[in-house]
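Hi,

Here is the model I said I would pass on.

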Amino acid sequence: MEGDEYVPTVLVVDDTLFMRVTISNMFNEWGYEVVGNAVNGKEAVEMYRELQPDLVTMDVTMPVMTGIAAVKRIIPEFPKAKIVMITALGQQKLIVEALESGAKDFITKPFEPERLRAIADQLVGQNC
């Protein structure tokens with residue numbers, strides 16, 4: 001890697017520590033910089049405003065504020081936000097709502113790391 005190469009930034013949002021660590025480690029391995037971790041949608045909105053990362057992975061179901069509610073707060077303020085929803089099986093209706101609210105894509109748990117990487121690389125590549 002060259003010293004002046006652009007490093008995309010990521011905010012990882014999940015109420016489960018294991019998932020935050022797992023996803024963060026994946027992005028670090030792929031050459032992304034994980035600039036923050038949030039445990040619920042309320043934290044995600046606050047951290048997005050502060051950090052304005054290139055990409056967000058957002059769990060759908062979380063306490064305090066859901067991922068969908070967070071998307072509905074972030075997108076009006078930051079229409080170019082690139083948010084990938086991470087959902088459990090059987091939440092298709094919620095995914096439709098998230099996509100209609102401005103999320104760019106989604107992935108279903110358990111997921112293949114390469115699928116997440118392909119989505120992330122495609123979305124972040126649109127920044128360049």
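**Helix 1 against helix 5**

The axes of helix 1 and helix 5 cross at roughly 60° and come within 11 Å (axes are lines fitted to C-alpha atoms, for helices over the stretch in contact, with angles from 0 to 180 degrees between N-to-C directions). The two helices are therefore oblique to each other (under 35 degrees counts as roughly parallel, over 145 as roughly antiparallel, 65 to 115 as roughly perpendicular, and the rest as oblique). Their crossing is right-handed, meaning that the near helix is turned clockwise from the far one by less than a right angle. Helix 1 makes the contact with I23, M26 and F27, and helix 5 with P113, L116 and A120 (contact is heavy atoms within 4.5 Å).

Before the rest, some housekeeping: this is a predicted model, where local features need pLDDT of at least 70 and side-chain atom pairs pLDDT 80 or more, while totals for chains, interfaces and linings use all residues. Numbering starts from 1 along each chain as its sequence is written, and side-chain values use heavy atoms, without hydrogens or water. Helices (H or I, at least four residues) and strands (E, at least two) are DSSP runs numbered from the N terminus.

**More on helix 5**

Helix 5 covers residues 113-125 and spans 18 Å from its first C-alpha to its last, close to the 18 Å expected at 1.5 Å a residue (that is, 1.5 Å times one less than the number of residues). Its buried residues are L116, I119, A120, L123 and V124 (buried is under 20% relative accessible area, exposed over 50%, partly exposed in between, with a 1.4 Å probe and protein chains only). They cover an arc of only 120° around the axis, which puts them on the same side of helix 5; the arc is taken from the directions from the helix axis to the C-beta atoms. Besides helix 1, they pack against strand 3, strand 4 and strand 5. E114 and Q122 are exposed on the face turned away from that buried side.

**Elsewhere**

In helix 3 you will find I74, buried at a relative accessible area of 1%. Beyond its neighbours within four places in sequence, I74 is in contact with A44, V45, Y48, M58, A81 and I83.

A few backbone spots to check:

- K109 and P110 are joined by a cis peptide bond, omega about -10°; P110 is in the loop between strand 5 and helix 5.
- Q52, not a glycine, has a positive phi of about 45° and is partly exposed at 45%.
- V64 has a positive phi near 70° and counts as exposed at 67%.

Cheers
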